[in-house]
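Subject: Handing over a structure, with notes on its chain contacts

Hello,

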Amino acid sequence: MTLAARFTRPARAQGNRPPARPASARSSDVIIVGGGLQGLSSAVHLARRGVSVRLLEAEYCGRHSSGVNAGGVRTLGRHVAEIPLSLAARDRIWHHMEEFAGHDGGFVPSGQLQVCETDADVAAAKARIAELEALGYTHETWADQATVRELVPSMSHHVLGGIWVKDDGYAYPYHVVTAFRASAERAGAEILEQQRVTRLWHEAGVWHVQTQRGTYEAPIVINTAGAWAGELAEQVGDPVPLLADGLMLMVTQRVAPFVEPVLGAMGRPLSFKQYANGTVVIGGSLRCEADPVGRHAIVDMATMRNSAITVTDLFPHLRNMQVVRAWAGVEGFLPDQIPVIGPSVASPGVFHAFGFSAHGFELSPIIGEIMADLVEHGESRLPIHPFRVNRFTQQENT
Amino acid sequence: MNPQASTSPLSYDVVIIGAGPAGMAAAHRAARHQLNVLLLDEQPEVGGQIYRSINSTDPQREAILGPDYRHGHALAAQVAEHVAAGRLTYWPNTAVWQVDTDKTLHVLRDNRPVTVQAQAIIVASGAMERPFPVPGWTLPGVMTAGAGQILLKSASLVPSEPVVLAGCGPLLYLLAVQYLRAGVKIRAILDTTAGTDWKLAWRHGRGLLKGWRYAHKGLSMLREIKNAEVPFYRGIEDLRLEGTDALERVRFSADGRQHSLDAKLCLLHQGVVPNTQITWSLRAEHEWDTDQLCWVPTLTEWCELSVPGIYVAGDGASIGGALVAALQGDLAALGVLRQLNPTGHAGLSQEAATLRAEIASHLAIRPFLNRQYRPRDAFRIPEDDVLVCRCEEVTAGSIREQVALGCTGPNQTKSFSRCGMGPCQGRMCGLTVTEVIAQASGQSPQDVGYYRIRPPIKALTLGQLAQIDP
Amino acid sequence: MVANALFVRLPAQRGSDASPPTVSVFLNDTPLALPADTSLAAGLLAAGVTRFRNATVSGAARAPYCMMGVCFECLVEIDGVPSQQACLVRPREGMRIRTMDTLPGMVFPEGGEVRRATRSANGDTP
């Protein structure tokens, strides 16, 4: 079966409810703004519950962070508040992605290893593991030097050990986007591309959402507009200090297979993985200039020099491998580096999920469930209080 | 022109990318006006492709190549003189891997990374062969007519056995004539166009008359080929290149009959198109030229891109040939002079106007040539089973399937199937992908757009990247 | 003329050098003499090489197509560095060239053990 054909196979039947169609050309139960993975995930979960969904995407689905990220499916190294969401996403959905979305999105449970190169790194790693254990989390384990050499025989011997999570892995972002989109449409969601939302307002009991092609109505709006979600949040009365910034990645030519787990480093920024096709994707908090109005980020490869140094320190044999492409995307960052997830405080009927600060990919399958629970039941079964939208302002102290 | 301290990048008034006719002419103008100018090229010698190996050629090759090639000598001599006098810095074996809109350039010079800062940049990186996606076009033994010419010019190499030439356009006939002069046996010429359409020629009559020198040259080449009694098939269809590990035979249909020719070497050509990697990487404006069937950067009358301070001259701007390229290089350099010193240089406007008029007169024949040698749809937009992306081996059919899945542009098909992600970074497939998607989705090529081109324009190793000065 | 070579040199002209200066290189460990003043790709073609690499997905044989640095078909490994465009490089004395039969090889220098790639371009183990 061709690559493309694999995406059109239907997933196993989800639940008993028949899919709902949008009520009319202009109105639906829910409008989702933003066709990245958070929005698409929300569309899948909601549509499967019989809710009529219309998703409005400014360019094409997965154009920005969701389609061009490093593909890490990572519970390792998460902010403590994200851990329950991250574990749920991984164990309930990522490991069953084919069942969930009709296609596995290229998910490989390769494990993730965060390497320690110095004694200080080792101390920090062990402290982290202890901290998590005290909170009841055992997914991060210590891998000593001998274990690391077994896990990654090709890596430089100066590595002293690392934090190892065996059930983490990686996937192909654009395949996940395509699978989610196909699933959402099969469940009855309507996905409209090239429709940039400029304004929304509440009138006569419904939200009116305007694009350059017209205005749509729904009682519920979900704001998953990524790096542009801050503007919408502001419009509904939830100002947040969201920064739209650029993140760069680079990829090598195809190289003979030499590493299985996804790698990070305790002491310096690194995200490093080798795909089944042999290419190696290298990232690690490589920030660059973004033009949010122009909706693009500008690659400055020269600043990726430090990543190249880190990689060749860990794998000297890679120094002759070519970087064939670098790219950058526009991402939304929040000051505390965790997202906003939850209902609007100022505007009933609006729900937010944005500001994933470069680590939203792995969470996305569960974010849609959280959004669907909020819409359907008014509460989430996973703890989302740390992600409340008003945590940045004085109001929450009153 | 001494390099500055190693912690700050080398700095020039103008950096010229490409030492073909446009680059050499621009360098000559800039050096004469005492600008601090750097001319760089990834080849070891000046000349670009059209004047390849001009400094190391010999009388035998010149006789084969014909009188147009010799125009390169004057340009090359000017460059050599400026270099010897210290008025021009010339870096051969230098590949550009990133150009920023603030006119910083990152290059690999003899495989070492170097950063250069410019006040202005002239992109003169020329043209490349239009892709020719037919079944079997990736077999060893299938090459371009341009490759044949490069082997002749740079290495005095000619086909060892009877060669098949397939495609259309003046360069194909020129190569045929050059091979005949060199004593090479041509197995056949398979012309994918229907031959001279005189009704068409009449419609472009005025252009034809103004460009009579070009027209005359074209006709005399065809006469030379006819006199040599080379088997010449017109309006061929269904071209298939077959073989196991290398080319063994060429199949095609002509005049309603199937033909099969045993051949180990087939040279393809259906025109040249601007090499737009650098201009796309700058996010400059481009438009789809419906006559030339390719992307051309949008330029002001001073050859400036929509990115200030960066100019394009020569076939990289739009296909015009070597003489036009030299004139445009001169004009772009005038544009740079004007940028760097807006009030100086009396007479600059007048000189520029003269150049533009000369360029226009040389370009008069282009509409006729574009019509006459328009590559047929079937050879630009292939059947499902034909490879479009050579590097990642993606077929036209796969692209069409992805369009049906909802991929409406080349960047989506790239993300989905790796089409365009190989080492050539879309040079060999970009035009084809744009047109396949346009046809499959009912959009215009202009609306479909092109790949988002990112650095590195030429690959560099992790080791080289690690060496960049912070 | 070398058997299998697709290209041959023009007959030398009276008064000019009968044959160009050459350098000795190694192709897949076999010694070879190539002209010093022309590209490696041109020299290899004239020496009868018809396969420079295997395509990375199907493993099919590939050889130069454009000769001007645009097609990236002429990629070879030179002195241990893979994926060099042979049409942009001139041969040097002692150069060690390998055709890219597999994905670029791995060499693990640490601990004294040296290993090459064990998987071929199309994913099979030999």
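What follows is a walk through two places where the chains of this structure touch. Please keep in mind throughout that this is a predicted model.

I begin with chain C and chain B. Their contact takes 36 residues from chain C and 48 residues from chain B, and between them the two chains bury about 3700 Å², of which 61% lies on carbon and sulfur atoms. If you look at the part of that area that chain C buries against chain B, you will find that C:Phe7, C:Leu10 and C:Tyr65 supply 23% of it, more than any other three residues.

There are also polar links across this interface, where the count is twelve residue pairs in polar contact and three salt bridges are found. One of the salt bridges joins the side chains of C:Arg62 and B:Glu393, with 3.9 Å from N to O. On the side of chain C that touches chain B, the elements giving two or more residues are β1 (7-9), α1 (40-46) and β5 (61-62) of chain C, and by class that side has 25 nonpolar, seven polar and four charged residues.

I turn next to chain B and chain A. Here 33 residues of chain B are in contact with 41 residues of chain A, and the two chains bury about 3200 Å² between them, 58% of it on carbon and sulfur atoms. Of the area that chain B buries against chain A, 24% is supplied by B:Phe416, B:Arg454 and B:Leu462, more than by any other three residues.

The count of residue pairs in polar contact between chain B and chain A is 16, and among the elements that each supply at least two residues of chain B's side are β4 (94-99), α15 (410-417) and β23 (460-461). The largest share of that side, six residues, comes from α15 of chain B, while by class the side has 14 nonpolar, ten polar and nine charged residues. One salt bridge is found across this interface, and it is formed by B:Glu392 with A:Arg254, whose closest N and O atoms are 2.4 Å apart. Finally, two bridges join strand β19 (residues 322-333) of chain A to β23 of chain B, and the strands run antiparallel, with B:Thr461 as the bridge partner of A:Gln322.

With best wishes

Technical notes
Residues are numbered from 1 along each chain as its sequence is written. Chains are lettered from A and ligands numbered from 1 in the order in which they are written. This is a predicted model: local features need pLDDT of at least 70, side-chain atom pairs count only at pLDDT 80 or more; totals for chains, interfaces and linings use all residues. Side-chain values use heavy atoms; hydrogens and water are left out. Contact means heavy atoms within 4.5 Å. Buried area is the accessible area (1.4 Å probe) that two parts lose on being put together, summed over both. A salt bridge is a side-chain nitrogen of Lys or Arg within 4 Å of a carboxyl oxygen of Asp or Glu. A polar contact is a pair of N or O atoms within 3.5 Å; within protein, one must be able to donate a hydrogen and the other to accept it, and residues adjacent in sequence count only if both atoms are side-chain atoms. Helices (H or I, at least four residues) and strands (E, at least two) are DSSP runs, numbered from the N terminus. Ala, Val, Leu, Ile, Met, Phe, Trp, Tyr, Cys and Pro count as nonpolar, Asp, Glu, Lys and Arg as charged, and the others, Gly among them, as polar. Two strands pair if DSSP finds at least two bridges between them.
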